[in-house]
Amino acid sequence: QYWTRSVAAKSSGEKSGREIRRAILLKQLQERLFEEGVVQHRSNLLVALSEPRGGRSSSSGGGGSSSSNDVEEILAMVEHLLYEGLAYHPKHFTIAIAGLGRHGLWRQACNTFSAMNELQLQPS
């Protein structure tokens, strides 16, 4: 019973840690938006999402599965693109969905596809 509580507490702590990290990433992305300007910022995000490992994760050392930091960075970038209205073309959504898919984030990819459909955009 102690072990179960311990695992639950650890899981809860990891979840809140991920939420805090995502909030920090979103804040950093918002700051970059103002520094870079809308067009350049959108371009930089789409390029990062197009990279095989996504974002700046090349420093994590190659190969293997996605680290939780990579996943949080990808999630934050896609959330930022959608929330800020930076994704308005089918190609923007296709790149975001592919980036999510490369990291096994299928539920989020489906949600992004739904957001694209809500804007009445057809996949490219």
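Helices here are DSSP runs of H or I with at least four residues, strands are runs of E with at least two, and both are numbered from the N terminus. This is a predicted model, in which local features need pLDDT of at least 70 and side-chain atom pairs count only at pLDDT 80 or more, while totals for chains, interfaces and linings use all residues. Residues are numbered from 1 along each chain as its sequence is written, and side-chain values use heavy atoms, with hydrogens and water left out.

**Stop 1: the whole chain**

Start with a cartoon view. You'll find five helices and zero strands, running α-α-α-α-α from the N terminus on. Of the 124 residues, 31% are buried (buried means under 20% relative accessible area, exposed over 50%, partly exposed in between, with a 1.4 Å probe and protein chains only). Now think about contacts, meaning heavy atoms within 4.5 Å. Among contacts with a separation of 6 or more, 66% are between residues 24 or more positions apart.

**Stop 2: Leu 33 in H1**

Select helix H1, residues 2–36, and pick out Leu 33. Leu 33 counts as buried because its relative accessible area is 9%. What does Leu 33 touch, leaving aside residues up to four places away in sequence? Show Val 38, His 41, His 80, Glu 84 and Leu 86.

**Stop 3: Glu 72 in H3**

Hop over to Glu 72, which sits in helix H3. Is Glu 72 buried or exposed? With a relative accessibility of 5%, Glu 72 counts as buried. Beyond residues up to four places away in sequence, Glu 72 touches Arg 18, Arg 21, Arg 22 and Leu 25.

**Stop 4: down the axis of H5**

Next, select helix H5, residues 106–118. Colour Ala 109, Thr 112 and Met 116, which are buried. Turn the view to look along the axis: the buried residues of H5 fall within an arc of 60°, so they line one face of the helix (the arc is that of the directions from the helix axis to the C-beta atoms). An α-helix has 3.6 residues a turn, so residues three or four places apart point the same way. On the other side of H5, look for Arg 107, Cys 110 and Glu 118, which are exposed. The cover over the buried residues of H5 includes H3 and helix H4 (90–102).

**Stop 5**

Leu 119 lies in the segment after H5. Leaving out residues up to four places away in sequence, Leu 119 touches Ala 87 and Phe 93. Gln 120 also follows H5, and its phi is positive, near 60°.

**Stop 6: the largest pocket**

Finish by showing Arg 22, Leu 75, Val 78, Glu 79, Leu 82, Leu 100, Arg 107, Gln 108, Asn 111, Thr 112 and Ala 115, which line the largest pocket. On a 1 Å grid over the protein atoms alone, a pocket is an open set of points with protein on both sides within 12 Å along at least five of seven lines, and lining residues have an atom within 4 Å of a point. Which helix gives the most to the lining of the largest pocket? H5 does, with five residues.

Key: On a 1 Å grid over the protein atoms alone, a cavity is a set of points where a 1.4 Å probe fits but cannot get out, and a pocket is an open set with protein on both sides within 12 Å along at least five of seven lines; lining residues have an atom within 4 Å of a point.
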